[in-house]
Amino acid sequence: MSKITDIRAHEVLDSRGNPTIEVKVTTQSGNGSAIVPSGASTGVHEALELRDGDKSRYGGKGVLKACANVNGPLKELLLGKDASDQKAVDEAMIGLDGTPNKSKMGANAILGVSIACARAGAAERGISLYKYLNMDAVTLPVPMMNILNGGKHADSGLDIQEFMIMPVGAPSFREALRTGAEIFHTLGGLLKDAGYSTTVGDEGGYAPKLAHQDMAIEFILKAVEVAGYKAGDDILIAMDPAASEFFDKDKGKYMFRVKGEMHEMSSADMIGFWNEWIAKYPIISIEDGLHEDDWAAWSDMTAQMGDKLQIVGDDFLVTSVERLKKAIEQKAANSILIKMNQIGTLSETIDAINLAHESGWTTVVSHRSGETEDTTLADLAVAMGPGQIKTGSLSRSDRVAKYNQLLRIEEELGDKAVFPGRKIFSQIKM
Ligand code: PGA
Ligand code: ZN
C-alpha cells in the first residue's frame with residue numbers, strides 16, 4: 001500500500017504559453033507528477049476545464065482555482081488513502097465533485113491528481129508506467145502524424161484541421177518514426193520550393209496558405225513519393241476535419257470550402273464529399289467528419305463507409321462511456337479518440353478504451369493541441385494497446401516527447417515489442 005502523504009499543485013505553462021496545472025502526489029515510498037494538457041477545438045460535451053476568468057492574469061486563463069482545489073479539498077479527501085487503488089481514488093474525487101462534468105473541482109484538477117497517483121504507484125514499484133497499468137503490455141501504437149495543420153490550430157486558412165500520415169508498412173515503431181520524419185522533412189522542402197511558408201502550427205505540422213484543400217493531400221502524397229515510400233502501401237492518410245468548428249448552428253449547415261470556394265453543405269453533402277475523397281485518396285481514417293451532435297448523419301456515414309474507413313469520434317464522443325454506449329448501439333462510428341482530459345480521470349479513460357475494444361472498435365489515444373513535456377499518453381497507448389496514437393508532427397518537443405517515450409518503451413520491451421502496422425485495421429476492408 002502506498003499511503004498518500006502529500007499532494008501539491010501549481011501553475012506551469014503549456015506549449016501555447018497558457019497556464020496549466022501540474023500536480024505532485026507524494027507517498028510513503030515515492031512520488032509521481034503529472035501536467036494536464038488543454039484543447040483549442042474542444043467539444044461542447046467535454047468535462048469542464050476550470051479557468052480563473054480573472055482577466056488581470058493570463059487574460060483570464062489562470063488555473064489558480066484548480067490548484068487551490070487540489071491543495072485544499074482534494075488533498076484533504078485523499079491524504080492517507082492508497083495511491084495505487086486508482087478506482088478508489090478516482091471515485092472519491094468524482095463523488096466529492098458531485099457534478100456530471102466535474103465543474104466544481106475542475107476536470108483539470110481531478111485529472112492531475114488521478115495521473116500523479118498512477119505515477120506515484122509505478123514509482124513505488126520501481127516499474128515503468130505502461131507496465132504498472134498493464135504488466136502484459138507489449139504492443140506499440142501505430143502513430144497518426146499531423147504533418148499539415150489547419151482549422152483552429154493554424155492560420156493556414158484550411159477548414160480541415162489535421163492532415164496526418166500513418167506509416168503502417170514499417171516493421172517497428174522506431175522505423176515508423178523515421179519514415180514519418182523523412183516525409184515531414186521532404187514535405188518542408190517541397191513547400192519551400194513551391195514558395196510556401198514552412199512555419200508550423202500548434203501541433204508542429206506545416207501551415208501553408210494553400211488555395212484549396214486537395215492541394216494539402218496532393219503535397220503530402222508527393223512528399224511520400226519523393227521520400228521513397230508508397231502511398232496506400234507504406235503510408236495511409238488520416239484526417240481530422242474537426243467538423244464542429246465549421247458547422248454553423250444558426251444556418252444548420254457546414255460552411256466548407258471545396259476547391260477554394262465556400263459551400264453551405266448539408267450532412268448528406270458532407271458525407272458525399274468524404275465519399276469522393278476516400279475514392280480519390282488513400283485515406284483510412286476520418287475523425288469528426290461531422291459535427292458533435294449530428295447523430296443520425298454519423299450512423300449514415302458509418303453505414304455507407306464503415307467497412308472501408310475508420311470513423312473516429314472525438315468531439316462527438318468526448319471519451320465518455322455514456323456517449324460511446326449510445327454510439328455503439330446506433331452504429332454511429334467504429335473508433336473512438338481517447339483524451340484523458342475530456343473525461344477527467346484515468347479510470348474513466350480506461351473504461352472507455354475497454355468498452356470500445358470489447359465492442360470491436362479501434363481506439364486512438366490522443367494529445368491536445370496545448371501540450372507539455374508530460375508523456376503519460378505514450379505509456380497509456382502501450383498499456384491499452386493494440387491501438388493508435390495521435391501526438392502531432394515530427395517537430396516541437398511537446399509533440400516529440402511522446403514519440404521519444406515510445407522509443408524508450410520499445411527498447412525496454414526488446415524482442416517482445418510488437419508493432420502491428422496495418423494489422424491495426426484488420427476489421428476494415430482496404
Ligand atoms: P484540440 O484538438 O486539442 O485543440 O481539441 C485536437 C483534436 O481535435 O483532435
Ligand atoms: Zn479531433
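In which loop is Val318 found? Val318 is found in the loop between strand S11, residues 310-313, and helix H9, residues 321-329. Please bear in mind throughout that this is a predicted model.

I begin with the backbone at this residue. As background, most residues other than glycine have a negative phi. Val318, by contrast, has a positive phi, near 40°, and is a residue other than glycine. With a relative accessibility of 1%, Val318 counts as buried.

The loop between S11 and H9 also holds Phe316. Is Phe316 buried or exposed? Phe316 has a relative accessibility of 0%, so it counts as buried, the limit being under 20%. Leaving aside residues up to four places away in sequence, Phe316 touches Asp288, Glu292, Trp295, Trp298, Arg323, Ala327 and Ala332. Phe316 and Asp294 are 22 residues apart along the chain, and their C-alpha atoms are separated by 8.4 Å.

One of the residues touched by Phe316 is Trp295. What lies over the face of Trp295? The residue is Lys326, at 4.1 Å from the ring centre.

A second residue with a positive phi is Ala242, which is not a glycine and has a phi of about 50°. Ala242 has its place in the loop between S6 and S7. At 3% relative accessibility, Ala242 counts as buried.

A further backbone feature concerns a proline. The peptide bond from Gly385 to Pro386 is cis, and its omega is near 5°. Pro386 is located in the loop between H12 and strand S14, residues 388-390. As for helix H12, residues 376-383, how many of its residues are buried? Eight of its eight residues are buried, and the helix is mostly covered. Among them are Asp379, Thr376 and Leu380.

I turn now to the aromatic residues. The count comes to 14 aromatic pairs. In the pair of Phe184 and Tyr206, the ring centres are 4.5 Å apart and the planes are at 10°; the pair is therefore stacked, since planes under 30 degrees apart qualify. This pair links distant parts of the chain, 22 residues apart: Phe184 belongs to helix H5, residues 173-193, and Tyr206 to the loop between H5 and helix H6, residues 213-226. Both Phe184 and Tyr206 are buried.

How is the pair of Phe246 and Phe256 arranged, and what is the angle between the planes? This pair is tilted, with 5.0 Å from centre to centre and 40° between the planes. It too links distant parts of the chain, 10 residues apart: Phe246 is in the loop between strand S6, residues 236-240, and strand S7, residues 247-248, while Phe256 is in strand S8, residues 253-258. Phe246 is buried at a relative accessible area of 7%, and Phe256 is buried at 0%. Phe246 and Phe256 belong to one aromatic cluster, formed together with Phe247, Tyr254, Phe273, Trp274, Trp277 and Tyr281.

Trp274 from that cluster also takes part in helix packing. Helix H7, residues 267-280, packs against helix H8, residues 295-305, at an angle of about 25°, and the axes are 10 Å apart. Why are the two helices described as roughly parallel? The angle of about 25° is under 35 degrees, so H7 and H8 are roughly parallel to each other. The crossing in which H7 passes H8 is right-handed. On the H7 side, Ser267, Ile271, Trp274, Asn275 and Ile278 meet Ala297, Asp300, Met301, Gln304 and Met305 in H8.

Helix H2, residues 86-97, and helix H11, residues 346-358, have axes that come within 8 Å and cross at roughly 110°. That value lies in the range of 65 to 115 degrees, so H2 is roughly perpendicular to H11. Gln86, Lys87, Asp90 and Ile94 of H2 make the contact with Leu346, Ser347, Glu348 and Asp351 of H11.

Asp155 lies in the loop between strand S4, residues 142-149, and strand S5, residues 162-166. Its relative accessibility is 56%, and Asp155 therefore counts as exposed. The C-alpha atoms of Asp155 and Val200 are separated by 9.8 Å, and the two residues are 45 residues apart along the chain.

Notes: Residues numbered from 1 in each chain as written. Chains lettered and ligands numbered in written order. Predicted model: local features only at pLDDT ≥ 70, side-chain atom pairs only at ≥ 80, totals over all residues. Heavy atoms only, no water. Phe/Tyr/Trp six-rings, centres within 6.5 Å; stacked < 30°, edge-to-face > 60°. Helix = DSSP H or I, 4+ residues; strand = E, 2+ residues; numbered from the N terminus. Buried < 20%, exposed > 50% of the residue type's maximum accessible area, 1.4 Å probe, protein only. Lys NZ or Arg CZ within 6 Å of the ring centre and 35° of its normal. Axes fitted to C-alpha atoms, helices over the stretch in contact; angles between N-to-C directions. Parallel < 35°, antiparallel > 145°, perpendicular 65-115°, else oblique. Left-handed = near helix turned anticlockwise from the far one by under 90°. Contact = heavy atoms within 4.5 Å.
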